[in-house]
Amino acid sequence: MLKAALFDLDGVVFDTEPQYTIFWGGECRRYHPEQPGLEFRMKGQTLPQILSVFFSECASEHDALVGRLDAYESQMAYEYVPGFVAFIEDLRRHGVRTALVTSSNLAKMSNVYRAHPEFKAFFDAILTSEDFRESKPSPDCYLKAAERLNAGMAECVVFEDSFNGLRSGQAANMYVVGLSTSNPVESISPLCNMVIADFSHFNYEKLSSLI
């Protein structure tokens, strides 16, 4: 039985990954010009993970880097992934509870709410990085979301695009739908139950028939 749908944010709800690639590409060229394409290895990582793994040798620059990221996010275009709005409205009409489960922080979410005043109404719960101790690929965030919605693991479906996010949904023993918005279909297929390009032509009936 489908009781709850749990959504990642970037690359799932919003088509923001190309914009982040531009930002991190600039930072990589600033600090790591000897590693072209490094920004693509960062996809799906949380900000603390990115700073500790890829920019550990320039810790004194972290505050400045984060400041540039905050300024960039405040000006980003938060455009919905095609079909998302119609899909989540269809889920809610059929009584499916919904949660946003993101590694983004509250500061980032304030930009989202400003750009989309209707956003909060799509979700019964919104969990950000402040709500869980362990980041993806740990299942902690999705288990907490299920608990918040009073749903069992077998009653939940996870929508993710990043490798760490997909592994998080798998580790939570939930049905995982991968979106090929950030990574090729063939690379994410082993980490999910099915892959979709976006939410166009996808609805409650199609999803519930698969679970």
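Biologist: What makes the 3.0 Å between the backbone nitrogen of Gly-165 and a polar atom of the Ser-162 side chain a polar contact?

Modeller: A polar contact is a pair of N or O atoms within 3.5 Å; within protein, one must be able to donate a hydrogen and the other to accept it, and residues adjacent in sequence count only if both atoms are side-chain atoms. At 3.0 Å, the Ser-162 and Gly-165 pair therefore falls within that 3.5 Å limit. This is a predicted model, where local features need pLDDT of at least 70, side-chain atom pairs need 80 or more, and totals for chains, interfaces and linings use all residues. Numbering runs from 1 along each chain as its sequence is written, and side-chain values use heavy atoms, without hydrogens or water.

Biologist: Why is Ser-162 called buried?

Modeller: Its relative accessibility is 8%, and buried means under 20% (exposed is over 50%, partly exposed in between; 1.4 Å probe, protein chains only), so Ser-162 counts as buried.

Biologist: Where does Ser-162 lie, and which residues is it in contact with beyond four places in sequence?

Modeller: Ser-162 sits in the loop between strand 4 (156-160) and helix 7 (163-171). Beyond those neighbours, Ser-162 is in contact (heavy atoms within 4.5 Å) with Gly-44 and Asn-183.

Biologist: Which residues of helix 7 are buried, and what covers them?

Modeller: Asn-164, Gly-165, Leu-166, Ser-168 and Gly-169 are buried; their cover includes helix 2 (47-54), helix 6 (140-148) and strand 5 (175-179). Just after helix 7, Asn-173 has a positive phi of about 60 degrees.

Definitions and conventions
Helices (H or I, at least four residues) and strands (E, at least two) are DSSP runs, numbered from the N terminus.
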